[in-house]
Amino acid sequence: TDTSVSFRVNGKMQHIDLPPNVVLLDALRDRLGLTGTKKGCDHGQCGACTVLVNGEAVNSCLALAVVHDGDDITTVEGLADGDDLAPLQAAFLEHDAYQCGYCTPGQLMSATELLTNENIGVNDADVKEAMSGNICRCGAYKNILAAIQHTRR
Ligand code: FES
């Protein structure tokens, strides 16, 4: 039987009924049409599915949707303000911080968290460590790092 879940996604309350075994990633993509969040490995290994839950970066492929009843969720669709890109998104563009782009939504969400998390250091090594859960098969790491550090300045 379905379970009701209510959460705020990109500032808008959503109420959905879904089987208790549905993960947050599938709820966002298939039920809410928010396909910016990507499914890569589906096993918590690649970071493509990263969203923010109450400001914290989470692999949405591992999180059951019903567990997040009442939570505040931000996906990549929630970063821009209308046609205005968030500074981090603009920096990714400016620094060519992607090639195929498949990992980019997850990279952006993890970077969004790290830019607001005072417990994460500001050196390149700290940023690399904080971003280590986000795999880029094209190897755009150098430019991703440059984009993040540019946004901080
Ligand atoms: Fe979730 Fe890879 S799809 S970590």
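Predicted model: local features only at pLDDT ≥ 70, side-chain atom pairs only at ≥ 80, totals over all residues.
View 1. The domain assignment of the protein gives domain 1 as residues 3-76 and domain 2 as residues 87-152. Where the two meet, 14 residues of domain 1 are in contact with 13 residues of domain 2. On the side of domain 1 that touches domain 2, strand 3 (50-53) and strand 4 (56-59) each supply at least two residues, and the largest share, three residues, comes from strand 3. By class, the residues of this side of domain 1 divide into seven nonpolar, five polar and two charged.

**View 2. Helix 1 and what covers its buried residues.** In helix 1, which runs over residues 24-31, the buried residues are Leu24, Leu25, Ala27 and Leu28. Strand 2 (12-18) is included in what covers these buried residues of helix 1. Helix 1 is followed by Gly33, a residue with a positive phi near 70 degrees.

**View 3. The crossing of helix 2 and helix 5.** Two packed helices are described by the angle between their axes and the distance between the axes. For helix 2 (residues 87-94) and helix 5 (residues 141-152), the axes come within 8 Å and cross at roughly 135 degrees, and the two helices are therefore oblique to each other. Helix 2 passes helix 5 in a right-handed crossing. On the helix 2 side the contact is made by Pro87, Leu88, Ala91 and Phe92, and on the helix 5 side by Ala147, His150 and Thr151. Sorted by class, this contact of helix 2 with helix 5 has five nonpolar and two polar residues, with no charged residues.

**View 4. The packing of helix 2 against helix 3.** Helix 2 also packs with helix 3 (residues 104-116), at an angle of about 125 degrees and with the axes 10 Å apart, which makes helix 2 oblique to helix 3. The crossing in which helix 2 passes helix 3 is right-handed. Leu88, Gln89 and Phe92 in helix 2 meet Thr104, Leu108, Ala111, Thr112 and Leu115 in helix 3. By class, the contact of helix 2 with helix 3 has five nonpolar and three polar residues, and no charged residues.

**View 5. Ile120 in the loop between helix 3 and helix 4.** Ile120 has its place in the loop between helix 3 and helix 4, and because 15 C-beta neighbours lie inside 10 Å, Ile120 counts as partly exposed. Not counting residues up to four places away in sequence, Ile120 touches Leu114, Asp126 and Ala130. Along the chain Ile120 and Ile16 are 104 residues apart, and their C-alpha atoms are separated by 35 Å.

**View 6. Asp124 in helix 4.** Asp124 is found in helix 4, which covers residues 124-130, and this residue is partly exposed, with 13 other C-beta atoms within 10 Å. When its neighbours within four places in sequence are left aside, Asp124 is in contact with Leu145 and Gln149. Asp124 and Ala86 are 38 residues apart in sequence, and from C-alpha to C-alpha they are 21 Å apart in space.

Note on methods: Residues numbered from 1 in each chain as written. Helix = DSSP H or I, 4+ residues; strand = E, 2+ residues; numbered from the N terminus. Buried ≥ 20, exposed ≤ 12 C-beta atoms within 10 Å, placed from the backbone. Contact = placed C-beta atoms within 7 Å. Domains from an automatic or database assignment. Nonpolar A, V, L, I, M, F, W, Y, C, P; charged D, E, K, R; others polar. Axes fitted to C-alpha atoms, helices over the stretch in contact; angles between N-to-C directions. Parallel < 35°, antiparallel > 145°, perpendicular 65-115°, else oblique. Left-handed = near helix turned anticlockwise from the far one by under 90°.
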